[in-house]
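Thank you all for making time this morning.

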Amino acid sequence: MSRFRRPGALALAAAVVVLTAPAAAAAPAAPPPTRPMPDKSIAFYVGKNRTENGATLLGGFGHEPSSHWLEIVPRQQHEPGSTITVGATEEADLPGRLTQIPQVAETAKYITSNYSEFAGFPAPLTNGGLNEFQVAARDVWSDSRPELVEMTPPGQTGPNYSDLSRIAMERAHSAREAVEILGELIDEHGYTTYGGNSHLFADADEGWVFIEFAGGKGLWAAERLGPDDVRVSYPGYIGDFPLDYQDNPDYAGSPNLVDFAVEQGWWDPASGKPFNLQEVYGTPFPGHPGRSTPDDEAPWRHPPTLEDELRQLGKVSLVDMQRMVRDPRWSDDRSGYGQVAELKSDLPHPELATLWVANTAAVTAPYIPFHIGAETVPPEYSQHRYLTSGAAANYLSPEYAAQEATRSATYLSKRLMYYTCDRPEVFLTDVTKALEGFEARIMAEIGDTEKQAAAAYAAGDVQRARALLTDWSNGWAMEGVDLTEYLVEDVEARTKEQFGIRRPAVEPPPGVTAKAESLDMSLPEGSISARDRVNCDLGNGWAEGSTVDRKGQLGDPDAVPDYHASARTGGSFPWLPVSIAALGGLVIGAGAVLLARRRAS
């Protein structure tokens, strides 16, 4: 048992403390909540035998209407008896109770994107990231069948999806160990669900899909993904599952996984049908291959179809994976960030493991590489109050005044999205070329930087290596802020010049005198299609070609505008002429004052 694992089961069971008052007599189960938009987070896994450089690739993001920010969490030691709070509150769609479970003696360093809002689930929340043992994680929705959602008990307890994601980052030395840790936690403490969920874990050698089902029955299952496998979780799923899974090294699951399905009549051993978890415990895949009408989800919503798309790429490169995560078919206003982990087995030093992070939806945000050896992120990438839960009802703490005063990388990229996606046919290609060219410049440098850091590690100068990696990533991160700000100003100026700012076509309710600009700006209730929200999707073929069409093409560094120039040209930013005119005005004005004084004397 590794030092990052928990104490024994008996010690854990004895240590669980319910933080709320004991529940009263069980009330009738509340009806299940309205089904959310059927396209939340997404994850892509490509095994190392299918990649260009032999590295396992894991990419994706979470979907939440919330603030997002980047954090590098250091390795930490914890006093004996330390606990962590897990679960959800009664405010959740499926109400829960918060409890405490023991923390381990030492937790690992990891990089993650945090966010502030999911009803009833305490912030900060996370969907995974990359830890110092080169374990990468993505959290992905996976709806359980309606009967399981309905039987979820009020006041449910146990770790929620974010708790499990964070614990995996804190404790796992491999993707397989992540599955072992989460499975044992659910077996011992249960699971707090919002209706079903999944995780996709990966390391340099393999991946694992982990599904936790709703219902309060402790149901979970896991499937290994090998070096030749491709998987798209959208939702997370597992198909045919062996009955002898407890003796099969490629599968794992709760002890009751098969028996409960038989008891409920959801699977008959005598039927001759395979025990298919997606059919038995899940819901039908979104999307219907071969059908795409205004009233139907597009074919690309079907996970096996997307897996075929990945296979068409042949040997998948890092750039290919970045483009998949950036694809505007799913990278839109709900995409909280973009992440791509490149997991290599031949790293000169473990702290050179790298997570490429887009601070919000990658369709309008640059990827910045952060190595595990890096120690800080710029305050521009830290938490800001834009979209942060509860911010509108409270004043800012003075402790956060300087942090809040910095330019928010997330807000800048959101502004760029709203302008670009308002007229994607005009602006998307230019924005994409600028972002990919910027990333090509980073890739041209990263090899030399890693060699310098590796040499410092080899010489035993760990602090120098970490400082080098920190400064390098932070430098590029700030360059990304400058580029994004330039693009926002450029697209804004072009929008105003060519079209004007589009006014909201919203009619005030009868009797309301406020104009449309002052009404509620939220997406209307009942909007369940991905196309209802802000998006840059142009259909098949975007930004001058899909990922498959552009296989092998790198970004063009020459496509990056000169965002450091004092005069932003192109008809949008005549800062230099304006400055000259202002200076001339000052000279003329000063001359007039002197002349007036002479006449007065």
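This is a predicted model: local features need pLDDT of at least 70, side-chain atom pairs count only at pLDDT 80 or more; totals for chains, interfaces and linings use all residues.

**Salt bridges, a sheet and its helices**

Lysine 414 counts as buried, at 4% relative accessibility, where buried means under 20% relative accessible area, exposed means over 50%, and partly exposed lies in between, with a 1.4 Å probe and protein chains only. Residues are numbered from 1 along each chain as its sequence is written, and side-chain values use heavy atoms, with hydrogens and water left out.

The partner of lysine 414 is aspartate 333, and in this salt bridge the closest N and O atoms are 2.8 Å apart; the term stands for a side-chain nitrogen of Lys or Arg within 4 Å of a carboxyl oxygen of Asp or Glu. Because aspartate 333 sits in the loop between helix 8 and strand 17, and lysine 414 in helix 10 (residues 409–422), the pair ties together parts that are 81 residues apart in sequence. Helices here are DSSP runs of H or I with at least four residues, strands are runs of E with at least two, and both are numbered from the N terminus. Aspartate 333, for its part, is partly exposed, with a relative accessible area of 21%.

By this rule the count comes to 25 salt bridges. Among them, arginine 231 pairs with glutamate 223 at 3.1 Å between the closest N and O atoms, and both of these residues are buried. Lysine 344 and glutamate 342 form another, with their closest N and O atoms 3.9 Å apart; lysine 344 is partly exposed at 24%, whereas glutamate 342 is buried at 12%. There is also a network of salt bridges that links Arg176, Glu206, Arg224 and Asp250.

Six strands make up an open sheet in the order 15-2-3-17-18-19, with antiparallel pairing, where two strands pair if DSSP finds at least two bridges between them. Strand 15 and strand 19 (367–371) stand at the edges with a single partner strand each, so one side of each is left without a neighbour in the sheet.

Within the sheet, strand 3 (residues 56–61) and strand 17 run antiparallel and are joined by five bridges, and glycine 60 stands opposite glutamine 339 in strand 17. Which side chain does the side chain of glutamine 339 meet in a polar contact? It is that of arginine 138, at 2.8 Å, a polar contact being a pair of N or O atoms within 3.5 Å where, within protein, one must be able to donate a hydrogen and the other to accept it, and where residues adjacent in sequence count only if both atoms are side-chain atoms. Glutamine 339 is buried, with a relative accessible area of 2%.

Finally, helix 7 (residues 303–311) has as its buried residues Pro303, Leu306, Glu307, Glu309 and Leu310. Seen down the helix axis, these fall within an arc of 155°, so they line one face of helix 7, the arc being that of the directions from the helix axis to the C-beta atoms. What covers them includes strand 2 (42–46), strand 15 (230–233) and helix 8 (318–326), with contact meaning heavy atoms within 4.5 Å.
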